[in-house]
Structure formats: C-alpha cells, structure tokens
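Hello,

Here is the structure I promised to pass on to you. Could you have a look at it alongside my notes below?

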Amino acid sequence: MAYWLFKSEPFKWSWEMQKAKGDIGEQWDGIRNYQARNNMRAMKLGDKAFFYHSNEGLEVVGIAEVCALIHPDTTIDDPRWECVDIRAVCDMPRPVTLKEVKANPKLAEMSLVTSMRLSVQPVTEAEYLEVCRMGNLADPPRSPE
C-alpha cells in the first residue's frame, strides 16, 4: 500500500478549492522538483494522500486520492514535468499541525519532518494511520493493496 502527502499554499490552492472540484479532481501541476515528480510517477490509482496547507496553517487538513495516473503537466511545454490528478476524499475531523507531527516520536522519520521542502512526499502506512488517529479520523480511507 502506498500513501502520500501533497503540500499546497492555501492562497494558491486550498483544500476548499480541491473539494470544490468534486469527483473529477484536479491535476497536481506546477511541480518542478525531480524527486517530487518521481514520487508522482510511483503513484497508483486510489492511493490515498494527506492534503497539507504549507506556509499558512501548517497542517494536514484532508485526505485525497489519486484519480488519474502520471501525465504531462499541461501548464508547461516541457516533457520532463508530469503530474497526477487528485480528488478530495474527506476532511480531517481535526487538522493535525506540523508542531504536533514534530512532537510525536512515532513520526520522527516522517518526510514532513525530515524533508520539509519537498512538495510531494511518501508517507508510510504507520505514519498515515498515526496522523489519522491524531486527527480523530476513526476509520481512515485506505490505499488499495
């Protein structure tokens, strides 16, 4: 099973904007980092991901899922840059702050703590379940096996 985290500045693309896209979702474009792009290349349909508000809020606010596999980023005419599409699945009942993540010893190795600048990050299943627990999400949606 694979889990991920997508970071977005809420004034550019917020969780509310993502939810407004409904089941059709939206491409996660504008990524110009090879590691983040390669993470998207590894994604499978139905993989679940945290939606994280960066710079403003600094918190996990929702769960999304991959609804379209890697394809060219339509915002640039450069074949190196690709993206996936994601759609909103559910709100995090209680947003989980970066401060709380950093304070939890179970999350000390989480990419959000160790690779802060990376905009598309892998999340282990244990990390995913722990953040969901912290956010009072009793029955977290799971990635397909």
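**The largest pocket**

The lining of the largest pocket consists of 19 residues, and K7, S8, E9, S54 and S119 are the ones nearest its centre. Two elements, β1 (3-8) and β2 (26-27), each give two or more residues to that lining. By a pocket I mean an open set of points on a 1 Å grid over the protein atoms alone, where a 1.4 Å probe fits and protein lies on both sides within 12 Å along at least five of seven lines; lining residues have an atom within 4 Å of a point. Strands are DSSP runs of E with at least two residues, helices are runs of H or I with at least four, and both are numbered from the N terminus.

The volume of the largest pocket is about 560 Å³, taken as the space filled by probe spheres set on the points, which are joined across faces, edges and corners. Its lining residues comprise seven nonpolar, six polar and six charged ones. Here Ala, Val, Leu, Ile, Met, Phe, Trp, Tyr, Cys and Pro are nonpolar, Asp, Glu, Lys and Arg are charged, and the others, Gly among them, are polar.

Please keep in mind that this is a predicted model: local features need pLDDT of at least 70 and side-chain atom pairs pLDDT 80 or more, while totals for chains, interfaces and linings use all residues. Residues are numbered from 1 along each chain as its sequence is written, and side-chain values use heavy atoms, without hydrogens and water.

**Strand β1**

How much of β1 is buried? Six of its six residues are, with Y3, L5 and K7 on one side and W4, F6 and S8 on the other. Buried means under 20% relative accessible area, exposed over 50%, and partly exposed in between (1.4 Å probe, protein chains only).

β1 runs parallel to β3 (residues 48-53), with six bridges, and Y3 stands opposite K48 there. With β6 (residues 120-123) the pairing of β1 is antiparallel, over four bridges, and Y3 stands opposite V123. Pairing requires at least two DSSP bridges between the strands.

**Two backbone angles**

Most residues other than glycine have a negative phi. L58, in the loop between β3 and β4 (59-72), has a positive phi near 50°, and L58 is partly exposed at 35% relative accessible area. N136, in the segment after α5 (125-134), also has a positive phi, near 60°.

Best wishes
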